[in-house]
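Subject: Structure handover

Hello,

Here is the structure you asked to have passed on. My notes on what turned up in it follow below.

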Amino acid sequence: QVRLVESGGGLAQPGESLRLSCAASTDILSLYVMSWYRQAPGKERELVASLFNHGMRKYEGSFGGRFTISRDNALNTVYLEMNNLEPEDTAHYYCNAKTYMGSQLQEYWGQGLQVTVSS
């Protein structure tokens with residue numbers, strides 16, 4: 001079982017930045033991929049960014065222009081730096097980890113945190 005704990009959400013004004021953190025209870029390099037998802041009110045959960053254990057980063061859609069996913073291996077923590085925030089970024093953000101146990105893909109979720117962008 002992998003436990004993921006997010007922190008760093010809250011209220012920001014348009015144009016400001018926030019950094020979300022996701023601390024894992026295990027060595028994050030042992031996990032195949034860690035990702036950030038978000039779910040806005042009335043919308044489906046969507047993938048924002050992924051960071052694979054071999055170092056490759058992948059951003060969905062246009063998120064790569066303002067968002068950066070990174071990690072601190074020593075802290076077993078993955079970050080999502082969000083710059084130039086827009087009201088449309090208001091959502092519940094979730095940390096996700098996937099890893100293989102043999103041939104079975106295991107998936108874990110954090111509890112999520114709220115990001116609200118408003119003036």
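K98 is buried, since its relative accessible area is 15% (buried means under 20% relative accessible area, exposed over 50%, partly exposed in between, with a 1.4 Å probe and protein chains only). Its side chain meets that of E107 in a salt bridge, 3.4 Å from N to O (a side-chain nitrogen of Lys or Arg within 4 Å of a carboxyl oxygen of Asp or Glu). E107 counts as partly exposed because its relative accessibility is 41%.

Before the rest, a note on the source: this is a predicted model, in which local features need pLDDT of at least 70 and side-chain atom pairs count only at pLDDT 80 or more, while totals for chains, interfaces and linings use all residues. Residues are numbered from 1 along each chain as its sequence is written, and side-chain values use heavy atoms, with hydrogens and water left out.

Salt bridges

The search of the whole structure gives five salt bridges. In one of them E86 pairs with R66, with the closest N and O atoms 3.8 Å apart. E86 is in the loop between β8 and β9 and R66 in the loop between β6 (57-59) and β7, so this pair ties together parts that are 20 residues apart in sequence. (Strands are DSSP runs of E, at least two residues, and helices are runs of H or I, at least four; both are numbered from the N terminus.) E86 is partly exposed, at 31% relative accessibility, whereas R66 is buried at 18%.

R66 also forms a salt bridge with D89, at 2.8 Å from N to O. That pair links distant parts of the chain, 23 residues apart, with D89 in the loop between β8 and β9. Both D89 and R66 are buried. A network of salt bridges links R38, E46, R66, E86 and D89.

Core

The largest nonpolar core has 30 residues, and L4, M34, W36, L80, M82 and Y93 have the most contacts inside it. (Such a core is a set of buried Ala, Val, Leu, Ile, Met, Phe, Trp, Tyr and Cys residues joined through side-chain atoms within 4.5 Å.) Among the elements that give two or more residues to this core are β3 (18-24), β4 (33-39), β5 (46-52) and β9 (91-101). Residues up to four places away in sequence aside, Y93 touches residues including W36, F67, L80 and M82 (contact means heavy atoms within 4.5 Å).

S50 is in strand β5 and is buried, at 7% relative accessible area. Its side chain makes a polar contact of 2.7 Å with that of S35 (a pair of N or O atoms within 3.5 Å; within protein, one must be able to donate a hydrogen and the other to accept it, and residues adjacent in sequence count only if both atoms are side-chain atoms).

Aromatic rings

There are five aromatic pairs in the whole structure (rings of Phe, Tyr and Trp, the last by its six-membered ring, with centres within 6.5 Å; planes under 30 degrees apart are stacked, over 60 edge-to-face and the rest tilted). Y32 and F52 are edge-to-face, at 5.5 Å centre to centre and 75° between the planes. Y32 is in the loop between β3 and β4 and F52 in strand β5, 20 residues apart. Y32 is partly exposed at 34% relative accessibility, and F52 is buried at 12%. F63 and F67 are stacked, at 5.5 Å centre to centre and 20° between the planes. Ring pairs link Y32, F52 and Y100 into a cluster.

Regards
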